Protein chains: 2
Amino acid sequence: MRLLRLIILLAAFGGFCAGSSAQPQLRGTGDLGVVIERANGSVCIVDTTVRAILSCIDGLGDLSHASAVFSRDQRYAYVFGRDGGLTKIDLLERRIVKRVLQAGNSIGGAISDDGRLIAVSNYKPGGIKVFDAETLVQVADIPATYGAKRERSKTVGLVDAPGRRFIFTLYDAGEIWMADFSQPGAPEVTSIGRAGELPYDALITSDGRHYIAGLFGEDGLAHMDLWSNPIKINRVLDGYGKGEAKLPVYKMPHLEGWALAGGNFILPAVGRAELLALNADTFKEAGRVKVHGQPVFAIARPDGRHVWVNFAHPLNDTIQVVDVPSLQVIHEFKPGPATLHMEFTPRGHEVWISVRDADMVEIYDARTFEKRGQLKVRKPSGIFFTSRANRIGL
Amino acid sequence: MRLLRLIILLAAFGGFCAGSSAQPQLRGTGDLGVVIERANGSVCIVDTTVRAILSCIDGLGDLSHASAVFSRDQRYAYVFGRDGGLTKIDLLERRIVKRVLQAGNSIGGAISDDGRLIAVSNYKPGGIKVFDAETLVQVADIPATYGAKRERSKTVGLVDAPGRRFIFTLYDAGEIWMADFSQPGAPEVTSIGRAGELPYDALITSDGRHYIAGLFGEDGLAHMDLWSNPIKINRVLDGYGKGEAKLPVYKMPHLEGWALAGGNFILPAVGRAELLALNADTFKEAGRVKVHGQPVFAIARPDGRHVWVNFAHPLNDTIQVVDVPSLQVIHEFKPGPATLHMEFTPRGHEVWISVRDADMVEIYDARTFEKRGQLKVRKPSGIFFTSRANRIGL
């Protein structure tokens, strides 16, 4: 009897565990995400179906310029901190699985198309490091050395490309490199060529074909077509006016939120209150959109019809929505002070916006612009949903 | 001691259970999928990371032309059977949650962009029906009546469009309709216009902008640009040769596996051993690819560089791979008898292929074409991965 009671007890305990909030909950992971709390070194796990915070997790170090990618099963988030921390979070058990300090200063990362490798872009020491996604054991160290002195370059614009490859740009060296992990053993690391002066960020298109790097030291962008053979780098939008009036740059724009819509890439200009439209076939300028301030992110709604734009300080309380076919601003509103980031739900029905100085994440209908909800988050910055796991270049 | 041993034993057993089919397992759902066992009325739940079958579930009725969509949390699959059955499966608990027989004969379905509505395309009685995704309670019945006799038309090519809309085509009436559920209450149902004679299937592009319907009764396709205002339907590829020699058609191709790649849509021709390339800007013919037989599916690898093609009986043991920029067949192989369907992993590193008459699902590296594994499945047909939940039009 005693034995039986014990068995029943253990069985009941097992059953209880599955459903309580203290214990991991049996649930799908396709509608989860993380919001970075930049000031607290913490990350909040969110549910985009019920629009709720499930749990916030501390101990992630300096998250002042943090981003995240997701495992292909969408159970784990990998958070890249500013302090070189790489933290693997279990979204179901709501805890840190592992954390490594892999460099002194880093700027983001990527996950390989098979989900097995995590690459991190480092400033100090320069280069990229690559880790096993399961264990966070280091797999490769690519120092990105350049020039006669063999210095290590800061790296930026690190993305995954199809075929277990990573592409990244050397800030100091002004070059674009590729690390190919498709074969067993050491990766094949290649310098594709020169991008230009002071490349500050880059994007890869969602088909993994086009890589575009923004330049801070020159008036233009570098474009690389990965389908060309051999792969070459071309200058595009040469002299688009970044340098015209030597405008002060309040914040460097991000290219991650690039938009390919209606046959054009829509990119934030550097130092100008403009978006640039770049024809996706010819890579010539196809128009400009005057906007409220210096754009930071220009992010396409997933159907590509609209591009949502936020702005640099001191105009960073505002969002503008641009209609892509007409290149017209069709909506403007003020979510609040320090509107830092936007993330659309995967098929674009809603958008989540972090309003840092209101300590709030605001949720809007992405078509009617009606407010759908808000969540109290301490100094929120980046918002990342698990659907990124299934996209090239995110 | 004996107690301790028992506890250890139970703990071990509990651990074992977590992985067995008896107990639900705490796990992510981003790398799950279902394979239809067409002859058995069953569906197998698969894991694409470890390339394994987790469980097979019986009792889904006639699955001879079945397809599936997924809830936005990627926990539930909705399987559309031939017999009008709509079955909701819990991929974690590995069981049928609910099953309704909503018509006598049906042909597929779609899920709205907010994940709240499931629409089913019916042959008998004609029209579409729409259900609450949570409960499978009927929300709307759209009979698709046409003509003076107010007959109900069979419907085909049912897809989700952004903004809580469904688009579908009336086989008998030759019209394209839209049902808009963006407002509370009854949907707004509109006939957009005439598609042509005997539309047999349709696709919507991954941005939800272009809807293209194939015609069996005429030599051309119908194209609709949802961004145009008012929305109009245009004929494209008029006289491409479907009718030239009155070729016998062994099996109607599917348009679901359309490919937009390198600026062209790649579509299977009807009755001809050809793929048609359609310029995505001009909607004019941009070339043809001679292939092994009458194509059934022409599916782009997620990066769009290659299109994989399977064929109608009696040439259905073969797959060809077409390089998109050159429109050349670059690879051919024979997975086995009755190669019915293909599904790529979300970022395209592998492809799963159902080989019905070998009772096998074959898994290949989608770049090197090396075989990576195989799974014993009884008469497999459609393969559907949960990543579809996050895509427009899948």
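Predicted model: local features only at pLDDT ≥ 70, side-chain atom pairs only at ≥ 80, totals over all residues.
## Where the chains meet

Let's start with the interface. On the chain A side 51 residues make contact, and they touch 50 residues of chain B. The size of an interface is often given as the accessible area lost when the parts come together. Here the area buried between chain A and chain B is about 4300 Å², with carbon and sulfur atoms giving 54% of that. Looking at what chain A buries against chain B, Leu26(A), Arg72(A) and Arg347(A) supply 22% of the area, more than any other three residues.

On the polar side, the rule picks out 21 residue pairs in polar contact across the interface of chain A and chain B, both residues being at pLDDT 80 or more. As for secondary structure, helix α1 (residues 2–19) of chain A brings five residues, the largest share of the side of chain A that touches chain B. The salt bridge count between the two chains is two. One of them joins Arg347(B) to Asp160(A), with the closest N and O atoms 3.0 Å apart.

## Arginines over tryptophans

Arg305(A) lies over the face of Trp227(B), at 5.1 Å from the ring centre.

## Aromatic pairs

Over all chains, a search of the whole structure turns up 16 aromatic pairs. In chain B, the ring centres of Phe166(B) and Phe181(B) are 5.9 Å apart and the planes make an angle of 80°, so this pair counts as edge-to-face. Phe166(B) belongs to strand β15 (residues 165–170) of chain B, while Phe181(B) is in the loop between β16 (175–180) and β17 (188–194), so the pair ties together parts that are 15 residues apart in sequence.

Phe265(B) and Phe283(B) make a tilted pair, because their ring centres are 5.6 Å apart and their planes are at 35°. Phe265(B) sits in strand β23 (residues 264–268) of chain B and Phe283(B) in the loop between β24 (274–279) and β25 (285–290), so the pair ties together parts that are 18 residues apart in sequence. Phe265(B) counts as buried at 1% relative accessibility, and Phe283(B) counts as buried at 9%. Over in chain A, ring pairs link Trp308(A), Phe333(A), Phe344(A), Tyr364(A) and Phe369(A) into a cluster.

## Around Ser106(B)

Ser106(B) is part of strand β8 (residues 105–111) of chain B. Ser106(B) is buried, with a relative accessible area of 0%. What does Ser106(B) contact, leaving aside its neighbours within four places in sequence? The list is Gly81(B), Arg82(B), Gly84(B), Val120(B), Ser121(B), Asn122(B) and Tyr123(B).

For a sense of scale, Ser106(B) and Trp352(B) are 246 residues apart in sequence and 26 Å apart in space, C-alpha to C-alpha.

Most residues other than glycine have a negative phi, and most peptide bonds are trans. So which spots are worth a look on that score? In chain B, the peptide bond from Lys124(B) to Pro125(B) is cis, with omega near -10°. Pro125(B) is found in the loop between β9 (117–124) and β10 (127–132) of chain B. The bond from His313(B) to Pro314(B) is cis as well, with omega near 5°, and Pro314(B) has its place in the loop between β27 (306–311) and β28 (319–323) of chain B.

As for phi, Arg164(A) has a value near 55°, positive in a residue other than glycine. Arg164(A) lies in the loop between β14 (155–161) and β15 (165–170) of chain A and is partly exposed, with a relative accessible area of 24%. Leu136(B), also not a glycine, has a positive phi of about 65°. Leu136(B) lies in the loop between β10 and β11 (138–142) of chain B and is buried, with a relative accessible area of 3%.

Terms used:
Residues numbered from 1 in each chain as written. Chains lettered and ligands numbered in written order. Heavy atoms only, no water. Phe/Tyr/Trp six-rings, centres within 6.5 Å; stacked < 30°, edge-to-face > 60°. Helix = DSSP H or I, 4+ residues; strand = E, 2+ residues; numbered from the N terminus. Buried < 20%, exposed > 50% of the residue type's maximum accessible area, 1.4 Å probe, protein only. Lys NZ or Arg CZ within 6 Å of the ring centre and 35° of its normal. Contact = heavy atoms within 4.5 Å. Buried area = accessible area lost by both parts, 1.4 Å probe. Salt bridge = Lys/Arg side-chain N within 4 Å of Asp/Glu carboxyl O. Polar contact = N/O pair within 3.5 Å; in protein donor to acceptor, adjacent residues only side chain to side chain.
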